[in-house]
Amino acid sequence: MLHGWGWAGSGRLHLRPDRPSSLTPDTAVISPQDPTLLIGSSLQATCSVHGDPPGATAEGLYWTLNGRRLAPELSRVLNASTLALALANLNGSRQQSGDNLVCHARDGSILAGSCLYVGLPPEKPFNISCWSKNMKDLTCRWTPGAHGETFLHTNYSLKYKLRWYGQDNTCEEYHTVGPHSCHIPKDLALFTPYEIWVEATNRLGSARSDVLTLDILDVVTTDPPPDVHVSRVGGLEDQLSVRWVSPPALKDFLFQASVVDDVSNQTSCRLAGLKPGTVYFVQVRCNPFGIYGSKKAGIWSEWSHPTAASTPRSERPGPGGGACEPRGGEPSSGPVRRELKQFLGWLKKHAYCSNLSFRLYDQWRAWMQKTHKTRNQDEGILPSGRRGTTRGPAR
């Protein structure tokens, strides 16, 4: 590190108050000033002293790079006031603001400096994905390139325009959901496709992603369903009833492309094949499928807050009568995973909700199969356009 000094990208020295100096900006100059080079390139630089500063002849000069003194064999004296430097096979800059190349007098004082920018041109950004929260905005993220690191400050700009007319627009709210993301908060058109792309630029070049074409209605997501309630189904020891309401922001038109009888915005489903005497934590999420006739599935919302409920305890005695006890020599937790496998099998056979997913706390997961339409209607279940999922349980 350079003690008592700061270095700007312009190549000019900035003094810090903890170390005064009598040097003037014209004491010496490094050429080239602030060069930009590809990784693996070579650099030929010179430090030329102006005037007659004490102890500042070429034979007494030396170089540092990022605060570390360079080997004398990398330098040679060209004349009484000029010291040359040769660097080969340069690595990428340690910091995106550039590496500090400094020329020193014999006593260690700084005479001049330059910033070296060594890196790679940007690669083509890819994997652009976008979503709209309640059709009021648009957020996009992307991957910067196959390798990503350029060792230089690289600027990414998200551009968008209406597909058949209109001018290019530039997104302004960056880093909203990560380092490579941008948020467009308003003034978006519906029923008209957008073209979206990302441009990357740095000191060594530029690159542009492929164009993503999308309709806002096809990438809508919303808030989790509120007011999730879980309750027992009478005295049935293997069932729970789950009810929730549609997200308020999309209440008027959510799921309007339903292909079975509408059951209004009040939604419900019954979980069957559960284990008696077990506490379940249930979470629900929704997918705004078919908004204004869109033929594409929307994007899943976040999960709702967990809601807990328990199934009634079984009144039937276990093997041999009374409560079940672990086998001799087997820990009490030994049968748990085997029971989980059996439990997941029961869920696949007996679940009454379409498009459900259960996530257990030990990461087991089962995806529910769609049940017969008449069975869903008998149970008051969701239409296929009104997609919802729940997850649980925990013992």
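Four strands, in the order E3-E5-E9-E8, form an open sheet with antiparallel pairing, where strands are DSSP runs (E, at least two residues) numbered from the N terminus and two strands pair if DSSP finds at least two bridges between them. Strand E3 (28–31) and strand E8 (75–79) stand at the edges with a single partner strand each, so one side of each is left without a neighbour in the sheet. Within the sheet, strand E5 (residues 43–49) and strand E9 (residues 82–87) pair in the antiparallel sense over six bridges, and Gln44 has Ala86 in E9 as its bridge partner.

This is a predicted model, in which local features need pLDDT of at least 70 and side-chain atom pairs count only at pLDDT 80 or more, while totals for chains, interfaces and linings use all residues. Residues are numbered from 1 along each chain as its sequence is written, and side-chain values use heavy atoms, with hydrogens and water left out.

Ile39 lies in the loop between strand E4 (36–38) and E5, and Ile39 counts as partly exposed at 33% relative accessibility, since buried means under 20% relative accessible area, exposed over 50%, and partly exposed in between (1.4 Å probe, protein chains only).

Val118, found in strand E11 (residues 110–119), is by contrast buried, with a relative accessible area of 2%. Not counting residues up to four places away in sequence, Val118 touches Leu37, Leu38, Ile39, Leu90, Asn91, Gly92, Ser93, Phe151 and Leu152, where contact means heavy atoms within 4.5 Å. The C-alpha atoms of Val118 and Gly40 are separated by 8.7 Å, although these residues are 78 residues apart along the chain.
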